[in-house]
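Subject: Structure handover

Hi,

Here is the structure for you to open. My notes on it follow below.

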Amino acid sequence: MPFLHKHAALLTLQEVAFVANVSESTVKRWIASGELPRVKLGRRKPNRVRDNRPIRFRIKDVAALAGVVPEDIYTALATAEVGDQK
């Protein structure tokens, strides 16, 4: 799994699930309930019924939800990145 670059400010759904140690379905429930705000990337195309823009999550929002500081998230992702390379 590709993980976040050291100073990126946004996480993917998979990265949030990894850091929070929950399933992707749980992250989707957090989005639906409003517990975890999302950021939609790009512009919505006119005359489209469905909004298929990719979504990302701010590290500070994920940290607040998980009850940790953002540095802990960076550390967890960096550790996972090192583990994936072996």
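Start with aspartate 61, which sits in helix H3. Helices are DSSP runs of H or I with at least four residues, strands are E runs of at least two, and both are numbered from the N terminus. This is a predicted model: local features need pLDDT of at least 70, side-chain atom pairs count only at pLDDT 80 or more, and totals for chains, interfaces and linings use all residues. Residues are numbered from 1 along each chain as its sequence is written, and side-chain values use heavy atoms, with hydrogens and water left out.

Aspartate 61 is buried, at a relative accessible area of 17%. Buried means under 20% relative accessible area, exposed means over 50%, and partly exposed lies in between (1.4 Å probe, protein chains only). Setting aside neighbours within four places in sequence, aspartate 61 is in contact with Leu36 and Pro37. Contact means heavy atoms within 4.5 Å.

Salt bridges

Side chains of opposite charge can pair when their charged atoms come close. The cut-off used here is a side-chain nitrogen of Lys or Arg within 4 Å of a carboxyl oxygen of Asp or Glu. How many salt bridges does a search of the whole structure find? It finds three.

- Aspartate 61 pairs with arginine 58, at 3.5 Å from N to O. Arginine 58 is partly exposed, with a relative accessible area of 36%.
- Lysine 40 pairs with aspartate 51, at 3.2 Å from N to O. This pair links distant parts of the chain, 11 residues apart: lysine 40 is in strand S2, and aspartate 51 is in the loop between S2 and strand S3 (55-58). Lysine 40 is partly exposed at 26% relative accessibility. Aspartate 51 is partly exposed too, at 22%.
- Aspartate 51 also forms a salt bridge with arginine 53, where the closest N and O atoms are 2.8 Å apart. Arginine 53 counts as partly exposed, at 24% relative accessibility.

Lys40, Asp51 and Arg53 are therefore linked in a network of salt bridges.

Valine 39

Valine 39 lies in strand S2 (residues 39-40). Is valine 39 buried or exposed? It is buried, with a relative accessible area of 17%. Leaving out neighbours within four places in sequence, valine 39 touches Leu10, Pro54, Ile55, Arg56 and Arg58. Valine 39 and leucine 11 are 28 residues apart in sequence, and their C-alpha atoms are 9.8 Å apart in space.

Helix packing

Two packed helices are described by the angle between their axes and the distance between the axes. Helix H1 (residues 13-20) and helix H2 (residues 24-33) pack at about 105°, with axes 9 Å apart. Axes are lines fitted to C-alpha atoms, for helices over the stretch in contact, and angles run from 0 to 180 degrees between N-to-C directions. H1 and H2 are roughly perpendicular to each other, a label that covers 65 to 115 degrees. On the H1 side, Leu13, Gln14, Val16, Ala17 and Ala20 take part, and they meet Glu24, Val27, Lys28, Trp30 and Ile31 in H2. By class, this contact has seven nonpolar, one polar and two charged residues.

Nonpolar core

The largest nonpolar core has 14 residues. Such a core is a set of buried Ala, Val, Leu, Ile, Met, Phe, Trp, Tyr and Cys residues joined through side-chain atoms within 4.5 Å. Leu11, Val16, Val27, Leu36, Phe57, Val62 and Ile73 touch the most other members. H1, H2, helix H3 (59-66) and helix H4 (70-85) each supply at least two residues of this core.

Best wishes

Terms used:
Angles under 35 degrees count as roughly parallel, over 145 as roughly antiparallel, 65 to 115 as roughly perpendicular and the rest as oblique. Ala, Val, Leu, Ile, Met, Phe, Trp, Tyr, Cys and Pro count as nonpolar, Asp, Glu, Lys and Arg as charged, and the others, Gly among them, as polar.
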